[in-house]
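Please look over the model shown below before reading on. The paragraphs that follow move from one local site to the next.

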Amino acid sequence: MSSQSKETLRGETRKLPMMPIRDMVIFPHMMTPFVVGRESSVRALEEALNGDRKIFLATQHDASVDEPGADDIYTTGTIGTIVQSVKGPDGNIKVLVEGVERARTLELNDDDGFFVATVRTAGEMEYDAEVLEELMNRVQSQFEQYVKLQQSLNYETMVASVRGEEPSKLADTIAANMQLTIEEKQEILNIFDPAQRLAHIADALDIAIEKLNVDRTVQSRVKRQMEKAQKEYYLNEKIKAIQKELGRGEKSEWDDLKKKIETAGMPKDVFDKAITELKKLEAMPPMSAESTVSRNYLDWLLAVPWKKKSKEIRSIDHAEKILNEDHYGLEKIKDRILEFLAVRQLVKNPKGSILCFVGPPGVGKTSLGMSIAKATGRKFVRMSLGGVRDEAEIRGHRRTYIGSMPGQIIQSMKKAGTKNPVIMLDEIDKMASDFRGDPASAMLEVLDPEQNATFQDHYLDVEYDLSQVLFVATANVLHTIPGPLRDRMEILQLHGYTEVEKLEIAKQYLLKKQLEGTGLTEKNAVFNEDALKEVIRSYTREAGVRNLEREIGNICRKIVRRVVKSGPKHKKETVTAENISEFLGAAKYRDSRLEEKSEIGLVTGLAWTEVGGSILQTEVQVLDGKGKLTTTGQLGDVMQESAHAALSYVRSRAHQLGLPKDFYRNIDIHVHVPEGAIPKDGPSAGITLATALTSALTKIAVRRDIAMTGEVTLRGKVLPIGGLKEKLLAAHRHGIREAVLPADNRKDYDELPQLIKDEMKLHFVETVDEVLKIALEAKLPELKEETPDALAAVPLPINQPTAQPHQ
């Protein structure tokens, strides 16, 4: 605020509703429209409309503050009259206000939900008439000059508005029409003395006129340069015409481009568009920005394949041989790929099939796509969709944007160079959407065999045929893929590998690959089968084989170092289960927990994760308290609800479990699932929680050699769960050979690996009562149905007071 605002005002004092305004300064004598939306401002407006229609308007310091306080508003503002107000359908009010006179805030309060300001106006001010007259003439002359230079203002209207005005109104009219910042306009509003205000505006006009003169000089220079470029273009065209007349014009680049367009095999509509674009390019100046855009567009049209195809290998025997060479196991997946190839032998132009491999990391999804390309003799292109958030990544940008390019689909086709490649859409479940669009929705057209024959990229802006492309997508999970996109793909599940499968993969593929990669041979190093088993059991815990390959690589590198250090004297290294720790250090995982003793309130549950299955230790502790159930370990809402359901089941079976009817009133129960930094959720821990609660309350230990999974109801029914194969593989990896499963999951038994069927004892149960009979080490009292009346009549045991339950 300027120093002029400190001058003493002798005008009248008034109390008015006050409205803070943003991004504008309202001057006296000006008609200003604006929109009112804030609740406090609407109330102030209504208060003014109910009175004499007068309101005090002051600008706030920071426009981004939604609820400004007294310190956020300038003290000098304008008293205005509300000329018109119209309420819109969205609740905002459009207001037209006429400024009357400036005033300064003496006091500001907002007790009634809106600001009420006590303000004082300037009153009559003394000034020298001659000095003022001279200032007015100077300012009027400067303003006329300013309006001539400022093209956005109408000269006649502006000049007419400042003629014959009294000093204060003249100053305010000019200030309102100048292009000044909010702070500069507020500084002028702060000056109550007309003479000082006119002097300030005269200085501001001098600066503005000087800036406008500089801008005009720059513009005239740019114009001359443009005229020079046009002149050069005209002369270049004339030279071309002269050379053509003289017969000197050899084959130009336009002729080359035209020949390429004619031989590219484009459809007729694309060919016509390319020829039209070529004619435009010939007519453009070579150095213009537009010619670069047009040339790049033609280059892209010629770069994508329109008729070139890979000769497809349709031999099923050849494909089966390659698939078996590259991958161990995965029989169902291989069968589906061979079926796909068999159909192509009988159908001349089959519709494209979109396969989607879903499974944990490291099980061979991406390498399967490469094997398909190898088996069919097609080109292979991998396109990573992880983290893609922009629709333009798929469809491209329109040519109007600087630096625009086609989307990843067309770029992949250019990279492949043929019409029928295998395009791997890696991590399709990791796509996300934001304000730039939804790439998953853009993929709908790409992956629909009915639509992708006429795929349209925003950059090319012509139809492109993707129907002969074999799309293979990969994903870790299905639930993040939108339903319509999932519906367009054939889902093929890849589950985790068993220990036997991992051992075979290591022997047949990983070991050879790492030995070759590190330069070792069988003369330098030999891996015993027991050593590989030890790496699988004690150094990796995963559904796939990535970490297994990494650990084998670690061993190979350490052997290479010894070979290089020893030189020719080095003896063959034999890696065994006994010396494996020399290479990899102490074991990262314990092989089995069978030797550990059974404990009260501790149950082994089974869980499914994006990287395969895992086991979850569930702990329950009973404490003195008031009936509170506490859950910890980052449990999600569904899992917490499962804990409450399990507790309700235990309470309903209190008599059969040998518990007092109101046992829960004087105890607190704490449920904890370790590895608290990892979020956990889902209903499949229901029977695990019910068993742990029963064990903790009855003081009967739970068998440590058994794992379980299943959803529980309030009536104690066990409901089916998903991810059964991954969960049982996890239990097997941890040395557990017995599991309790829902009876409804018996249908999944045939899908289980033979190893699980042979080595694990599976109990299929329908009720929690059956679970407790299997899992608890000691027998419960005889479980029999009781009527509500019979239960109510059971007396509490004398030797077990409810206030102090056994700990």
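Predicted model: local features only at pLDDT ≥ 70, side-chain atom pairs only at ≥ 80, totals over all residues.

A polar contact here is a pair of N or O atoms within 3.5 Å, and within protein one of the two must be able to donate a hydrogen and the other to accept it. The side chain of Q60 has a polar atom that lies 2.8 Å from the backbone oxygen of D62, and a polar contact of 2.9 Å joins the side chains of Q60 and R38. Is Q60 buried or exposed? Its relative accessibility is 2%, and because buried means under 20%, Q60 counts as buried. When residues up to four places away in sequence are not counted, Q60 touches P20, I21, R22, R38, V65, P68, D72, I73 and Y74.

E232 is partly exposed, with a relative accessible area of 44%. In sequence E232 and P285 are 53 residues apart, while in space their C-alpha atoms are 8.8 Å apart.

The next element is α9 (289-303). The 15 residues of α9, at 1.5 Å a residue, should span 21 Å, and this agrees with the end C-alpha atoms, which are 21 Å apart. An α-helix has 3.6 residues a turn, so residues three or four places apart point the same way. The buried residues of α9 are S291, S294, Y297, L298, W300 and L301, and what covers them includes α7 (253-263), α8 (268-283) and α14 (408-416). One of these buried residues, Y297, has R399 lying over its face, at 3.8 Å from the ring centre. A charge is also placed over a ring at Y664, where the charged end of R651 sits 3.7 Å from the ring centre.

Aromatic rings can also pair with one another, and if pairing requires ring centres within 6.5 Å, the count comes to three aromatic pairs. W306 and Y464 form one that is edge-to-face, with 5.1 Å from centre to centre and 65° between the planes. Because W306 lies in the loop between α9 and α10 (316-326), and Y464 in strand β11 (residues 463-464), this pair ties together parts that are 158 residues apart in sequence. Both partners, W306 and Y464, are buried.

Terms used. Residues numbered from 1 in each chain as written. Heavy atoms only, no water. Phe/Tyr/Trp six-rings, centres within 6.5 Å; stacked < 30°, edge-to-face > 60°. Helix = DSSP H or I, 4+ residues; strand = E, 2+ residues; numbered from the N terminus. Buried < 20%, exposed > 50% of the residue type's maximum accessible area, 1.4 Å probe, protein only. Lys NZ or Arg CZ within 6 Å of the ring centre and 35° of its normal. Expected span 1.5 Å × (residues − 1). Contact = heavy atoms within 4.5 Å.
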